Amino acid sequence: MLPALDTQALIENHYQDFLSDLTKSKFSGDIEYSYGSRLAVSTDNSIYQQLPQAVVFPKSLDDLSLIGQTANTYQTVKFSARGGGTGTNGQSLTSGIIVDVSRYMNQVLEVNAEQGWARVQAGVVKDQLNEVLKPLGFFFAPDLSTSNRATVGGMISTDASGQGSLVYGKTSDHILALTSVMADGTILNTAPMAIDDAKVLSQEHTPMAKVTQQLLDTCLGKRQQIIDKFPRLNRFLTGYDLENTLNEDLSVFDMSRVITGSEGSLVFVAEAKVNITPIAKFKALVNVKYDSFESALRHAPSMVAANATSVETVDSNVLNMAKQDIIWHSVDSLITEVEGKTVLGLNMVEYNSNDQADIEQKIAILSANLDSAENLGVIGYQITYDKADIQKIYAMRKKSVGLLGKIKGSKKPIAFVEDTAVPPENLADFIMEFRALLDGKGLKYGMFGHVDAGVLHVRPALDLCEPEQEAMVPEISDQVVALVAKYGGLMWGEHGKGYRSEYGPQFFGEELFTELRKIKSVFDPLNKMNPGKICTPLDSTESLVKVSDQKRGEFDRQIPIEVRSSFKPTMSCNGNGLCFNYDTTSPMCPSFKITGDRRHSPKGRASMVREWLRLLSKQNIDVNALEHNEDPPSWFERFRNSTDKRVADDFSHEVLEVMEGCLACKACTSQCPVSVDVPGFKSRFLSMYYQRYMRPAKDHLVGNIETMVPLMARVPGFINFFLRQNWVKQTIRKTVGYLDTPILSQPTLSERLNGDLTTQFNLEALQKLDPSQLAKKVCIVQDPFTSFYDASVIESLVSLITKLGYEPVLLPFMPNGKPQHVKGFLTQFAKTAKTAADLLNQLDELDLPMIGVDPSMVLCYRDEYTKTLGAARGEFKVQLVHEWLLQLELPKVNANTRQNYALFGHCSEKTALPASEQQWQQIFEKTGLSLTAVSVGCCGMAGTFGHEASHIEESTGIYQLSWQQAVSQYQPEQIVATGYSCRSQVARFEKFKPKHPLQILAMSLS
Ligand SMILES: Cc1cc2nc3c(=O)[nH]c(=O)nc-3n(C[C@H](O)[C@H](O)[C@H](O)COP(=O)(O)OP(=O)(O)OC[C@H]3O[C@@H](n4cnc5c(N)ncnc54)[C@H](O)[C@@H]3O)c2cc1C
Ligand code: SF4
Ligand code: SF4
């Protein structure tokens, strides 16, 4: 039986006292110390894992200050600020308290387009800011691959930059002023000031004066050493940026420059006033294809010299991974194959201008150069001027790190030497030597980066569950440190130092490193702020964090290899944070979007299950055997376990809570670069959890819905009468926790078809037909929701098939099993799936097209059936309506029935079949109808999720995120939606039910 799991990760006493004082203070934010909340921030995108004591979520500058003030009586309480948690080197990890500014302090406060600045809170996501700026014709220029989840506070603290940095600079180049909070709660307002004013200020008796004094001493006093020491690169030697704290002629002093890039080791950044940049009117992107990666690297500097705005590169490993991902679908026509050649390197060369002629002239020069550059390895190029297409290419490039995580086998690309920077002219030679180093160790890796700035991203593939491979991390690190030094570069081109802080003394040299420690001493004398990162105060005996410190592999390897491989997607999550995508029109993780709680994200859920597997392994539980337990505990045992107060803090309850919040929308199954597939492991978890505990009534209701509904539909009037009564609604809500129970279709489907003999199913009769007769038949595979609650859609489908000259055959309703799978009734699901698969395989032998209407049910035949039944699933194919229509010649509709329709796609369908919206558009176009695909995320219904009383707030909130506003843009009769859930959700909130697009076709075709 599943045992109760004690986490034993107690919070240290002084932290408990501090948190209790903070609770009693005026602190208005959240304070969380559940094991799950701590776990959710114990990793980032790095190889490290560190469990904090607690997580606090301040709501304001005052809250941040209160944290510092309250901690003044606790000398050993430590903090680390956190934003998106996308650091690649453990920058935000701590064993102290995480101060997460991203949950609440995430507002764009003010924009002044005339003067070209914006004021934001530190937790604003970079793309969120750009979305506000775009209509005004501006953007926040420093770009980074994680722009849809990294916060401005995180960008400031790592001095982030990326594509286009030669022209657009780094984050520090765009900071006009900062409001920050020091370790003792003092609020600092920093902005550039005349050096003479700074000197006057430094004489005062304030914390600000003390810090100014030290910075002046260091930056003026050691100016020459600083200039001599730092390589002349586009990337500065951040943490701390001693050079740029003063301007070139030493007339201006800017304390913000030293805070920028300090990785939270000096202050909490609360607000920033940032410079905003006008969006160039015209853009062009030239995708240059090469016969080798080396050719791409060697050719890049000449394109920079030819005034390109940016030059990005990817190698063939990255390209090949992208080609196998759903994202390639969006760029395949923009980066086509070259006949008879293999593309082994790609440079993406961008030109920006406000003058179209200027761009065209530059492109003409580049084209002439490329046409004659065969001897330089150029094998082809493509030009695009379309801004949306350019964005698609960059989205592919931005996803590449995550995609590398998909590499087969247990060795996964990891970040630790991943952002070296060398002078661009040295890049090709540096990379050749770097490759030789990795090749010499037999390691695989993918490479991509910003060749214009000499920054290359390299992630060698290692399995950190193997101690010998873990030992290679510091070894390779040391060798790469030596290599970058040889080529006059930096180990940290843009991601910051984090656990690589141990190399600080080597890079700065003893004299300047001592200056860093003096600066740390005046900001944070007790080493409370992100201790161990960058440097320690001068008098401190505490040490710096090291590359060899505790890694996630140490935890993962405690899980037996068989369990790890059985839970592969869960184990593969590399924390890149793509699932934190803030964009409300993206389907990725609606539950995270609405809760803002990182536990309720694919990453959070994967982390919880990994830890759950580890704790079970520590108790010598064979999880694989437990899952297939033939003799589960009795009802009485489960009742006893559920009522036993002593195990109230079983960690499995915490895991259950985060699984319950998942809508099973499956966006993470296809959009996460490693296909983390939460619904898959959620149902496995539930099946084991409920071996120990009693299931709630609503689970039984959902699990049995496909058996109950056909029975209820025999007497729809009677059932509907009761479902409409308020007292019945209240009773269902109170007893089963279910609300807005849908009303059965009246007339029922069979009444609508009115005994239509042509639609009736008879397997034997079908088997006797000759091929020409069979070629006319089309089988309709029913699902419970459309057939019993939205019967008019099936009626329309019958009509559409007939109008197109085919003979519809309505298969008898048979359960699909999806609701059982969602609720973790896996044994029952396997039986249901086998029965359905057997019948569908028989029909498949007749080579009959089989079509289903509801995306999530049809996709279940493809994904969950394959995973559960393996080879026993057979080869049957159930198509979605549009997949079948796409192959047909379609007649044109009557000109006077034409109108513009708006397609609201189902999120599971859009993520699993990214071409689906476009294909519906093609179908409509063929018939002379027009269809616009509307950009929306999840509707919030997701099967029965939105009907569960415990989820009504989230379901409503998710609907409001993107659907509500988008629906209001159209007339009800224009809106079509492919999902039954989506149509029901609109009906619930808008009081009209959109049609399925097939209904429009059935109506319009004569
Ligand atoms: C796939 C991938 C691609 C990446 N590509 C790029 C890239 O192109 N360019 C680039 O520059 N970086 C890149 N990064 C690194 C990372 O995204 C950046 O460093 C980013 O700026 C971190 O922002 P965040 O909000 O996630 O910060 P976090 O990871 O939460 O924190 C980063 C550091 O900032 C500190 N911090 C965060 N908020 C505050 C605050 N309010 N006050 C004080 N300190 C704070 C933390 O303590 C920590 O030291 C990439 C990372 C990944 C996973
Ligand atoms: S779940 Fe996927 S998208 Fe989210 S952090 Fe993990 S690997 Fe990245
Ligand atoms: S299935 Fe949907 S709600 Fe659940 S974790 Fe994945 S993306 Fe989030």
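The shell around ligand 2 comprises eight nonpolar, four polar and one charged residues, where Ala, Val, Leu, Ile, Met, Phe, Trp, Tyr, Cys and Pro count as nonpolar, Asp, Glu, Lys and Arg as charged, and the others, Gly among them, as polar. Of the 13 residues around ligand 2, those that come nearest are Cys-573, Asn-576, Gly-577, Cys-579 and Cys-672, a residue being near if one of its heavy atoms lies within 4 Å of the molecule. The model is predicted, so that local features need pLDDT of at least 70 and side-chain atom pairs count only at pLDDT 80 or more, whereas totals for chains, interfaces and linings use all residues. Residues are numbered from 1 along each chain as its sequence is written, chains are lettered from A and ligands numbered from 1 in the order in which they are written, and side-chain values use heavy atoms, with hydrogens and water left out.

The axes of helix H23 (residues 602-618) and helix H26 (residues 651-660) come within 10 Å and cross at roughly 155°, which makes H23 roughly antiparallel to H26 (an angle over 145 degrees). The contact, defined by heavy atoms within 4.5 Å, is made by Arg-605, Met-608, Val-609, Glu-611, Trp-612 and Leu-615 of H23 and by Phe-651, Ser-652, Glu-654, Val-655, Val-658 and Met-659 of H26. By class, this contact of H23 with H26 has eight nonpolar, one polar and three charged residues.

Glu-468 is found in helix H17 (residues 467-486), and with a relative accessibility of 54% Glu-468 counts as exposed (over 50% relative accessible area, 1.4 Å probe, protein chains only). Glu-468 and Ser-372 lie 96 residues apart in sequence and 49 Å apart in space, C-alpha to C-alpha.

Terms used:
Axes fitted to C-alpha atoms, helices over the stretch in contact; angles between N-to-C directions. Helix = DSSP H or I, 4+ residues; strand = E, 2+ residues; numbered from the N terminus. Parallel < 35°, antiparallel > 145°, perpendicular 65-115°, else oblique. Buried < 20%, exposed > 50% of the residue type's maximum accessible area, 1.4 Å probe, protein only.
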